[in-house]
Amino acid sequence: MALIFLSALYLHKAMAEDTIPAGPVVDIHTTLGDIKVKLYDDTPAHRDNFLKLVNDGFYDGVLFHRVIKDFMVQTGDPESKNAPADARLGSGNPGYTIEAEIKYPKHFHKYGALAAARTSDYVNPERRSSGSQFYIVTGNKYDASQIPAGFPEEIAKAYTTVGGTPHLDGQYTVFGEVLEGMDTVEKIQNVATGRDDRPLEDVKIISATVEK
């Protein structure tokens, strides 16, 4: 299993080097390791908002409050800072939402995708993004027979080689991807969790900085 996992990481890196669009890079330092993410320039509202929050220190100290193995890890709730163990998290925000910038099929929920969380269609039919909460995709690998006919070749290849969460495509704004540090994301997704998928032991962002 270790060899298969490492191969997937190398393949993800090779694919990323060939296909990652231009955009700024942010280093996220967590209690379980570092994650380097690229933000896409063609989702400018999400890019600029994320950069502002990072530069303001907004993410420093927030928890990964929702972790689901083989799906994603989520963070960005300001109410999670120093939250007691029994606190229910996930509704915090900076007081605004962001207009959706869904660029599917150009950007999709492949392994390592960075996307904005949001409330459900029932209360949010415009699919506006949370002003601060985001998630990183882990997902699963799919057999070729599980990929619907007509899927773009690049997307089908990604979901059968590195994996992801295709059922989220076209519904949430993907605004970046992990360049380095999926080993850290894997550590986060494998921690023990309790109520509402919150880690039993806090996993937090120590700091986030924009690379110059």
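Mentor: Let us begin with confidence: pLDDT is the predictor's confidence in each residue, from 0 to 100. This is a predicted model, and the mean pLDDT of the protein chain is 91. Of its residues, 90% reach 70 or more. One stretch stands apart from that level: over residues 1–17 the pLDDT stays under 50. For that stretch the model has 19 contacts beyond four places in sequence.

We may now turn to helix H2, which covers residues 44–55. The helix has 12 residues, and at 1.5 Å a residue these should span 16 Å. The expected span is 1.5 Å times one less than the number of residues. Just after the helix, Gly57 takes a positive phi of about 75 degrees.

Which residues of H2 are buried? They are His46, Arg47, Asn49, Phe50, Leu51, Leu53 and Val54. Leaving aside its neighbours within four places in sequence, His46 is in contact with Ile98, Glu99, Ala100, Glu101, Ala116, Ser129, Thr173 and Phe175.

Next comes the empty space. Rolling a probe the size of a water molecule over the atoms shows where empty space is left. The structure holds 1 cavity of 30 Å³ or more, and about 80 Å³ of space lies in the largest cavity. This cavity is lined by 13 residues, and the closest to its centre are Asn49, Phe50, Ser130, Gly131 and Phe175. H2 and S7 are the elements that give two or more residues to this lining. H2 gives the most, with 3 residues.

Of the 22 residues that line the pocket, Gln74, Ala117, Arg118, Thr119 and Ser130 are the closest to its centre. Strand S4 (72–75) and strand S7 (129–130) are the elements that give two or more residues to the pocket lining. The lining residues of the pocket divide into 7 nonpolar, 12 polar and 3 charged.

Technical notes: Residues are numbered from 1 along each chain as its sequence is written. This is a predicted model: local features need pLDDT of at least 70, side-chain atom pairs count only at pLDDT 80 or more; totals for chains, interfaces and linings use all residues. Side-chain values use heavy atoms; hydrogens and water are left out. Helices (H or I, at least four residues) and strands (E, at least two) are DSSP runs, numbered from the N terminus. Buried means under 20% relative accessible area, exposed over 50%, partly exposed in between (1.4 Å probe, protein chains only). Contact means heavy atoms within 4.5 Å. On a 1 Å grid over the protein atoms alone, a cavity is a set of points where a 1.4 Å probe fits but cannot get out, and a pocket is an open set with protein on both sides within 12 Å along at least five of seven lines; lining residues have an atom within 4 Å of a point. Ala, Val, Leu, Ile, Met, Phe, Trp, Tyr, Cys and Pro count as nonpolar, Asp, Glu, Lys and Arg as charged, and the others, Gly among them, as polar. Grid points are joined across faces, edges and corners, and a volume is the space filled by probe spheres set on the points.
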